Amino acid sequence: MNKDELQLKLVALRNRDRSALEEIYNYLKTPVYTIILRITQDKTLSEDILQEVFIKLYQLPPTPPIKNPRAYIFQMAHNLAVDSVRKLPQFADLDSIENIVYLPTEDFSMKMDIDHAMKTLPSQECQIVSLHINGELKFREIADMMDIPLGTVLWKYQRAIGRLRSVLSGGAL
Amino acid sequence: MKKIIVVLMVLICILAIPANAFATSEVSEVDKKFSNVEELFEYWETNGYPDYVGSVYSTDGNMNNLTVLLVNDDGTKANEIRALLADDSGVSFGKAPFSHNAMETVKNEIISNHLGKDDKVYSVGIGWISADGVVIGFGESGKESRVVVFVDESISTDYANKFYELYGDIVVVAAGDAIVYQNQNAVPDNNLWLWLTFMVIISVAAILFFNRTRFVSAMQTNKGIIVTQSVPVSRKKTIEAIKNSEVTPSDEVFNSVLSQIDKKQIKRCPLTEV
């Protein structure tokens, strides 16, 4: 589904077209869910947030024309996920979740697995990597979405990929 | 002071060979053949650098012999570049941690946020630096480029900290003729003892790191595969792995979305739904 087709589906949503909702859901469920999961690290919570995203999208579809419908939906998912994490008791006292690092909780061999490698990244870097690779958003769109300079996004992305390579290489780099 | 800055900036521009901002091109997209590396360099200058090129400099002061520093290349891009040249004898390759396009983006951000705003930021450029009259590049090779920001000495450490936090190693802050490091005062390059101490620390760290990785004899993945050897994973494979690691939500989620929509509609307008 390209940008124009997605725009058309969103227009159809304004007419309460459920088949349009289903098509958008099937098209975006995997990358959106992956990004939410990277932020929350909790499958149940992530599914709840995914539901919330599509319920909101159905009830209040954006007024066309929007510049980038794909980025709009990812922005919605990202904001809901970040808000949900902030509400978790363990992060209640934190102003920012960007520097949280989810260390692997089990044995070190799990470092070989990409999911666990991703967990070794600070949350903000993990989000940038996931939004760019899974969400296929441009760096400029990610910078706008996360309200940080483009140069910072580029640097953090480079650094994150370097770290992931290092973890996946098992120290061979 | 201003005179020195102007001279340094001219030097930076000459040595670093600036490129057009934001423009990118991939090797595969270039279908024409170039007679030599100088012609390819001119093409990049006009049409923009690819994202995997860090910088280009003259190997021996002659424009026929250029060294191209590549970002995260395992040899593939270097071979592709050679294949574009009818005569590839003048091209050499090295490694760079940052692409020219990334540095250009950072440079433009710093210019738009600080230059000409009475922030005591005097100039911003991409390239090498002159310290104590000696021109030096960056990185292990001493040939890499960075975004070099000349600031007033009075706030140099603040800027070094700030830019490091925002952009990491891609930015080098300089005041007068010395590089300023984060959380330190301006450090002149001729401080031999400081450099020696630094080199000793790096050497010890390298030995510790080597020993630590050497003792990793076997690892087991989640799926039970035993890995007996550490093998470098390429950037491309890392990105593919991230892409392939996407997770699909359970099938019930969409049904739950529909049922919640139904409930909310009934709640909102019960008469129309009944």
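A charge is taken to sit over a ring if NZ of Lys or CZ of Arg is within 6 Å of the ring centre and within 35 degrees of the ring normal. In this predicted model, local features need pLDDT of at least 70 and side-chain atom pairs count only at pLDDT 80 or more, while totals for chains, interfaces and linings use all residues. Residues are numbered from 1 along each chain, chains are lettered from A in the order in which they are written, and side-chain values use heavy atoms, without hydrogens and water. A:R16 lies over the face of A:Y58, at 5.3 Å from the ring centre.

Over all chains, the structure holds eight aromatic pairs; rings of Phe, Tyr and Trp (its six-membered ring) pair if their centres lie within 6.5 Å, and planes under 30 degrees apart count as stacked, over 60 as edge-to-face and the rest as tilted. One of the pairs is formed by B:Y159 and B:F163, which are stacked at 5.3 Å centre to centre with 20° between the planes. Because these two residues are four apart in helix α5 (residues 156-167) of chain B, B:Y159 and B:F163 are separated by about one helical turn; helices are DSSP runs of H or I with at least four residues, numbered from the N terminus. Both B:Y159 and B:F163 are buried, that is, under 20% relative accessible area with a 1.4 Å probe and protein chains only. Ring pairs also link A:Y25, A:F54 and B:F254 into a cluster.

Key: Buried < 20%, exposed > 50% of the residue type's maximum accessible area, 1.4 Å probe, protein only.
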